[in-house]
Amino acid sequence: MNTPRYHGHYVWRRYRRNQLWLKLKTNKVVLVSSIVLLLLSILALLAPWISPFDPTNLQQQNIMDAELPPFWHGQSDSRFVLGTDGLGRDLLSSILYGLRTSLWVGFWAVAVQFTIGTLLGLSSGYFGGWIDRMVMGMADFQLTFSSLMLAILVLAITQAALGAQDYHTWSPWLLILVLGIADWPQYARTVRASVLAEKHKDYVLAAQVLGYRSRHIMLSHILPNTLSPLLVIASLQVAYVILAEAALSFLGIGMPYANPSLGGLIGSGFEYMLSGLWWIALLPGLALVLLLLSINLIADWLRDALDPKNIGQRP
Amino acid sequence: MMNHVIKLLLRMLTSCLVLLTVAVVSYWVLGLISPQQTLHMDLGQYLGRLLEGDFGRSQFYHEPNLHVILQKLPATFELVLVASILVALLVLPLGFYTAIVPQHKLARGVMAFSLLGISVPVFLTGSLMVFLFAVELNWLPAFGRGQVIRLGFWDSGLLSVSGWQHIIMPAVALSLAMLPLFLRLLRAELMQVMNSNPVRFAQAMGIAPWRIWLSYGLRNAILPIITMASLQLGTTMAYTLVAESLFQWPGVGTLFMQAIVRSDGSLVAAYLILVSAMFLLFSALADLAYGLFNPYLSPWHRDQGVASKSGLKAP
């Protein structure tokens, strides 16, 4: 008997023939940046296993190893491929752990933004009336404040109130929470606009007639049709959140000192730069730029590729 | 006319409400950071003193907070001013150039550079410039403000050679951080206008290209630019704060970060109130500028009804 074959290879073939994938294959710049991003993410994920040292372990630190240059210099040490910072920590391990921190903060903060913004936008567009007016009023108000400035103020004041020691046990979570809460309006506005366009279409009316709950209609009928602009915003926001985390850590109010982050490394390396030790600040900076540039390039491409105006075109 | 008066009143009312909220929050912050200061002063007394213009005394400087902040304000203002002038001088020619010949190699290079600019945080450009121009080449000073000349209550660094030498690097770093956003926006707007029917008609009539660019292109692109500028006000503040603390620029941002480190609660509270007041003032100014450039929104425009009905944006 011939059964329809909805098996693995069929799904795989469908993905291979997907337009998005075809467009990706033809765009060299984006292909390279997605490979770079993939590599960086794998390195970051595997950091605890592949990095030669553990930067959080004080036992492996030796002040005698401090300020060693990277491998292309004459006086470098073979144990430290990219040199060491001012405290004798291996720079390569710190950068790997820093990438991990950046991606971790970026992912969770964007997850918080996405959830808050989407839920508020969905209910604002679907229910309308005073909920709509209230949510959009809040969004307009919030949009005028910059999330980075808000994060600087909130985190700095919390640090002053708690003292640096106590503050740094909570700062990673606080960072995610502040950056996550402060940036929801973009999502809410986009979702609301899409919901307003979708909610009078027949499939929504059909679902309403069938007696589904509003929650079910919003989440499983309308939301899937509004996802693509959200994806673009979320991918741009990952880059922005990573940049904001780096700036906050650079100012000394982000990640704790014991927990290496790219911004913190650049901040502590800047002091050594004035005496000519450029690699402590600039090598983590290079990693940060690579990460941000690849995410920005992909997000930029995604915006064009998912734009309904361009969808019918051949790649 | 009546409509505008009501709008203005509403705006002032919301501004006052925001300031009141900020004042309550800053009382709370004061209690968090230096609890001894709020022991003998309840919220009502605190608000009363604020209304009289008494922002308390700084515990570190032993001077009135208002005085301390006003002393540091000129430095920040001059930095932002020079950076904005740089942005304006660069963004107009580059925006027109990349919009008029978008396929040209140099124009593509400029756009690629602007994408890179988004991905390089201000503190990294700053560090790189310090390394190149201050440490290696020894051309420019790495930090501070140089010689200042006192003009009444205003300490100006723009009247001496050393002041200019000191302001170059922070201002360029700050403007490079703001430039890509405006460049991309101006280019997108100009390209949209250049492809519109009125412009094609004007070209067909044989109007000189520069007149089309200025009176059709710039005039229609200036409104989104102003909106963007007012939305980016907070981000500019945050970037200024980061640039200030990188170059040890003796401005308001550095003052705030130092007050945090020194647990100077009363100065932090005063900073919060004054910065929010300034923020509200500047966003009101941006709205005024919007009205000025958009004749149909301006209170002095007479044929409002006709214009809003026809919905035209005539050059």
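Student: What pattern does chain A follow, read along the sequence?

Tutor: This is a predicted model. Chain A has 14 helices and zero strands. Read along the sequence, its pattern is α-α-α-α-α-α-α-α-α-α-α-α-α-α.

Student: How many helices and strands does chain B have?

Tutor: The C-alpha trace of chain B spans about 75 × 60 × 35 Å along its principal axes. In chain B, 70% of the contacts with a separation of 6 or more come from residues 24 or more positions apart. Its elements are 13 helices and two strands.

Student: What percentage of the 315 residues in chain A is buried?

Tutor: Among contacts in chain A between residues at least 6 apart in sequence, 71% join residues at least 24 apart. A residue counts as buried if 20 or more other C-beta atoms lie within 10 Å of its own. Of the 315 residues in chain A, the buried share is 43%.

Student: Is A:Tyr240 buried or exposed?

Tutor: A:Tyr240 lies in helix α12 of chain A, residues 227-251. The cut-off for a buried residue is 20 or more other C-beta atoms within 10 Å. A:Tyr240 has 23 such atoms within 10 Å, so it is buried.

Student: How far apart in space are A:Tyr240 and A:Leu274, C-alpha to C-alpha?

Tutor: In sequence, A:Tyr240 and A:Leu274 are 34 residues apart. In space, C-alpha to C-alpha, the separation of A:Tyr240 and A:Leu274 is 29 Å.

Student: How are α3(A) and α5(A) oriented to each other?

Tutor: Helix α3 of chain A (residues 28-45) packs on helix α5 of chain A (residues 91-127) at an angle of about 105°, with the axes 8 Å apart. Angles of 65 to 115 degrees count as roughly perpendicular. The two helices, α3(A) and α5(A), are therefore roughly perpendicular.

Student: Which residues of α5(A) make the contact with α3(A)?

Tutor: By class, the contact of α3(A) with α5(A) has six nonpolar, one polar and one charged residues. From α3(A) come A:Leu40, A:Ser41, A:Leu43 and A:Ala44. From α5(A) come A:Leu96, A:Leu99, A:Arg100 and A:Leu103.

Student: How many charged residues are on the side of chain B that touches chain A?

Tutor: In chain B, 30 residues are in contact with 33 residues of chain A. Elements giving two or more residues to that side of chain B include α1 (2-33), α6 (122-136) and α10 of chain B. By class, that side of chain B has 23 nonpolar and seven polar residues, and the charged count is no residues.

Student: Which residues of α6(B) make the contact with α14(A)?

Tutor: The crossing of α14(A) past α6(B) is left-handed. On the α14(A) side the contact is made by A:Ala281, A:Leu282, A:Gly285, A:Leu288 and A:Val289. On the α6(B) side it is made by B:Leu124, B:Ser127 and B:Leu128.

Student: Why is α10(B) described as largely enclosed by the rest of the structure?

Tutor: At 1.5 Å a residue, the 15 residues of helix α10 of chain B (residues 233-247) should span 21 Å, and the end C-alpha atoms are 21 Å apart, which agrees. Just after α10(B), B:Gln248 takes a positive phi of about 45°. The helix α10(B) is largely enclosed because its buried residues number 13 of the 15.

Conventions
Residues numbered from 1 in each chain as written. Chains lettered and ligands numbered in written order. Predicted model: local features only at pLDDT ≥ 70, side-chain atom pairs only at ≥ 80, totals over all residues. Helix = DSSP H or I, 4+ residues; strand = E, 2+ residues; numbered from the N terminus. Expected span 1.5 Å × (residues − 1). Buried ≥ 20, exposed ≤ 12 C-beta atoms within 10 Å, placed from the backbone. Contact = placed C-beta atoms within 7 Å. Nonpolar A, V, L, I, M, F, W, Y, C, P; charged D, E, K, R; others polar. Left-handed = near helix turned anticlockwise from the far one by under 90°. Axes fitted to C-alpha atoms, helices over the stretch in contact; angles between N-to-C directions. Parallel < 35°, antiparallel > 145°, perpendicular 65-115°, else oblique.
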